[in-house]
Structure formats: C-alpha cells, structure tokens
Amino acid sequence: AGRPLIMDAYPKTHLKIALALACSLLVVITALPAREKPEMASIPVSLSIQPEERQPVVAPPLVMHTSIGEDEPAQHTTRHSSVVIKHGDSLSAIFNRAGLAASELQRVMVLGKPVAVLKKIIPGKTLLFEIDQDDQLLSLSYEENPLKHLVVTRAGDSFKAYWQEAAAETIVSFGTAAITQAHPSLYQAGKAAGLSDALIMKLSYVFQWDISFALDLRQGDTFNLLFEDIYVDGEKVKEGEILAAQVVNMGKTYTALRYVDESGQGNYFTPEGSSLRKAFLRDPVHFSHVSSSFNMKRLHPIHNRVMPHRGIDYAANRGTPVLAAGDGKVTNARQNNASGRYIVIQHGQQYTTKYLHLNGFAKGIRAGSSVKQGQVIGYVGDTGWATAPHLHYEFLVNDVHRNPQTVALPHAQPIKKQELARFQMATQTMLARLNSVAGTTSYALADQADRAE
C-alpha cells in the first residue's frame, strides 16, 4: 500500500481545533474598518462674476426677562400720585407733597392762559400726577367739573396743555311740586318733590320778574318743569338747563320756554314769544321775609312817629349779596347817618333804584360805574337808622316813589318777527310735553281733593 496523506496522520481533534481558530481569525479581520481611498465629490463651479447670494442667518429669538438681576440695568418706571386739594392749599405746597420740584411747577405755569384755572383750585377737588423715576412730572390732570378736565403733558423740557371733555348723555326729566300747609315755600315744596337746591334756585330765577317767591305764594300753587339731566358713563353728574316750566300762582298761569336764538343767546319766553325777562328784578335780594312794606303812614320803629316808608325792607342775614335790579349807572355810593351805606342807580331817563343800610359795597362799585341786571353791588347790613340787618329798597319812576312789589315793570324785547317761526318750531315739542305733565299733575291734585272730601 502507498504512503498515507499527512493530514490523515493528525488526530481528528487537532484538525477541529485548527479549523475553529481559522474561522475566528476570519471574523475578526472582516469586522475591522477598511481603509478606502475617498471618492472626489462633484462640486459645480460658478463662472459668474457676480458675488453669490448668501442666505440670511436667522438669530435665535431673544428672551426678555422682566426680573431685574444684579448685573441687569433697572427698567424705567413711573408712579401715579393723587392729591386732594385742602383749604388754604397752594400749587407749590401740592407739588411739594407730590415730590415735585418747584421748577416743574414753573414750567407748567409759564403756559399762561391755558392753565389759568390752576390759579383758582377748589378745595375738595383732586390733582392727578404722573411722575417718572427721576421725579420729573410727565403729566397732570385737574377736573374743573365732571364734564371737563385740564390735561398737562410733558413735551421735552416744556409742557403743553389741553382740555379733555367727557362724552355726556342728556336726558329730559320732569318735576312737579305744590305749595301746601306742610310745605309753604318754593324751597320746601321743591325739596319734598325731590328737586335739588340748584334746580329750585334756577326755577326762581326763571320767574323772578313776575313772582315774588317770598310774598306771592299761596297754598294750592303748583310748579311743573322739564329739565336736563346729564350723565357720564351711566352716572348722573349734574343738571342742565330748565327747558320749560309752568307756575300756577293764585289762579294765574305763567309759562316759560327756553329758546336759544340764532346768535346763540338763551332766554325764556312765553309761548307767544314775549320775553319773561323784564328791565327790573322784582326782588333784588334773597330774603327771609319782608320786615316792613311800602307805607306812606308808617310808625317809625326808632323815632316812634309817623314817617313815610317809601320802599320795602327785606330781612336777610348780614352779608347777603344785593343785586342790581336792572342795567344802569351808579350815581351815588356813599354813607350818611340815616341811610348808612347806600347806593343809587339810574336806569335810563325814567327809572331810579336805591339800596340802603348796606354792610359794604362790592368791589368796583363807585359813582360812575356801569352795572348789569343781577350783578352784585353790595351786601346786606344794618348801618344807619336800622334795628336789624335788612335791605331797604326804593323804586322811583320819574322821581316819584312807587311800590316795588306792585309797579308795572317794562318788558325786554320779544322774539323778532323774522325769528318767530323758528322759535315756535324749536319750542313746540317742549310745550306739548310740559302741558302733558301739567295736565297729569292737575288730575292728580283733583283726585287727591276728591278723596279728601
């Protein structure tokens, strides 16, 4: 037999071990990374001479931090200050309380006329300030009334001022009142009917030429009126004008309609267009009662003998304003033993009025001064032959004394004929509404009388 193969000469166990080692070596070699030569990337090359357009780089969003750290600058802040005006307050004191320098006040006041209202600030009202971190004034606001605010704002090193008006809504309301035993005066009847003091005063002014509300009222007299209620943001802030009014006094009816003419002047007229305004007021002072009437055979309280009393004595508190009964010129404003301080006013060629026992004269009242109806000329006192504070008032026609309560007073000019149609068109709705209110009131009063019987 021939010679056996060498492989056959090894034991089978050794062959298996050698084969296992060879397989393991092959796995290791296969797992190692191959060192390959990188391929060349194909990159296009621009042959243009223009620069290539680059895409903008978008920066990440900037996050703002509201908190202030040790290394962060402080933010600009403002503060608001509200200062209530006190009695005796001055602007300088208020600015000082708000932490503002006097120079800030000076910069505001140099604006002049636009801020003139700040020279007459009223106690109880409020000044609102906006102030920056350097204690510089940014703005201030002052309420002259609920409908009108003065606003001052900073403009660099100076200020500018303007008026800001609130959006107002006007509603027509009505009121009724009656003179009764429990409420015998216009004021008492008006308050019982829920009317404000201001509205009662306005009503007395409307009819002041025809009715003496201290002397002429009787039980059963009635008042009806239409007036404006003014609202801002749903809240009533004030009452406006009386638009129409009617007074039944001792059986006689007086009707007043407010009319604004083409020139913008508002006055009160009868439905026929006659002016309620007369050349003279019936009473030149608001008084409590007549202490002595016109009487040519009066027993004088001081001299205890009969002496003519050629005027009317209106009892009133010392210092009560006395008004000029009509337009005219002051011919005398002096003092003597009998009359005390007194004023004489000439009204044209025909009429003269005299005002005696005054406590003092109003500013600017002297011989030669011109005065307007309703202007304050002096104040009630008890100078001269007087036992208590009162106004002695005389009315002369062509130098003859007449009873101021009964003398016929000349009327002001009526509605012009060319404007009469416009007047009737403007007032007819208010007249109809007033008559409706008056009719309802009359029915109510009659119903009350029936039930009382």
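The following questions and answers concern a predicted model of a single chain.

Reader: How many helices and strands are there in the chain?
Author: The chain has 453 residues, of which 36% are buried. Its secondary structure comprises seven helices and 22 strands.

Reader: What share of the contacts in the chain with a separation of 6 or more is accounted for by residues 24 or more positions apart?
Author: Contact here means heavy atoms within 4.5 Å. Among contacts with a separation of 6 or more, the share from residues 24 or more positions apart is 59%.

Reader: Which strands are the edge strands of the open sheet formed by five strands?
Author: The five strands are ordered S6-S7-S8-S9-S10, with antiparallel pairing. An edge strand of this sheet pairs on one side only, and this applies to strand S6 (168-178) and strand S10 (266-269).

Reader: In S10, which residue is the bridge partner of Arg-258?
Author: Strand S9 spans residues 252-260 and pairs with S10 in the antiparallel sense, over four bridges. The bridge partner of Arg-258 in S10 is Tyr-268.

Reader: At about what angle to S8 does helix H6 run?
Author: Helix H6 (residues 197-206) lies across strand S7 (222-232), strand S8 (235-249), S9 and S10. Relative to S8, helix H6 runs at about 40°.

Reader: Why do the buried residues of H4 line one face of the helix?
Author: In helix H4 (residues 102-109), the buried residues are Glu-104, Leu-105 and Val-108. They line one face because, seen down the axis of H4, they fall within an arc of 100°.

Reader: Which residues are exposed on the other side of H4?
Author: The buried residues of H4 have a cover that includes helix H3 (91-97), strand S3 (137-145), strand S4 (148-155) and strand S5 (158-165). On the other side of H4, the exposed residues are Ala-102 and Gln-106.

Reader: Is Asp-135 buried, partly exposed or exposed?
Author: Asp-135 is placed in the loop between strand S2 (126-132) and S3. Its phi is near 60°, a positive value in a residue other than glycine. Buried means under 20% relative accessible area and exposed means over 50%. With a relative accessible area of 37%, Asp-135 is therefore partly exposed.

Reader: What is the relative accessible area of Asp-233?
Author: Asp-233 is found in the loop between S7 and S8. Although Asp-233 is not a glycine, its phi is positive, at about 55°. Asp-233 is exposed, and its relative accessible area is 79%.

Key
Residues numbered from 1 in each chain as written. Predicted model: local features only at pLDDT ≥ 70, side-chain atom pairs only at ≥ 80, totals over all residues. Heavy atoms only, no water. Pairing = 2+ DSSP bridges. Helix = DSSP H or I, 4+ residues; strand = E, 2+ residues; numbered from the N terminus. Axes fitted to C-alpha atoms, helices over the stretch in contact; angles between N-to-C directions. Buried < 20%, exposed > 50% of the residue type's maximum accessible area, 1.4 Å probe, protein only. Arc of directions from axis to C-beta.
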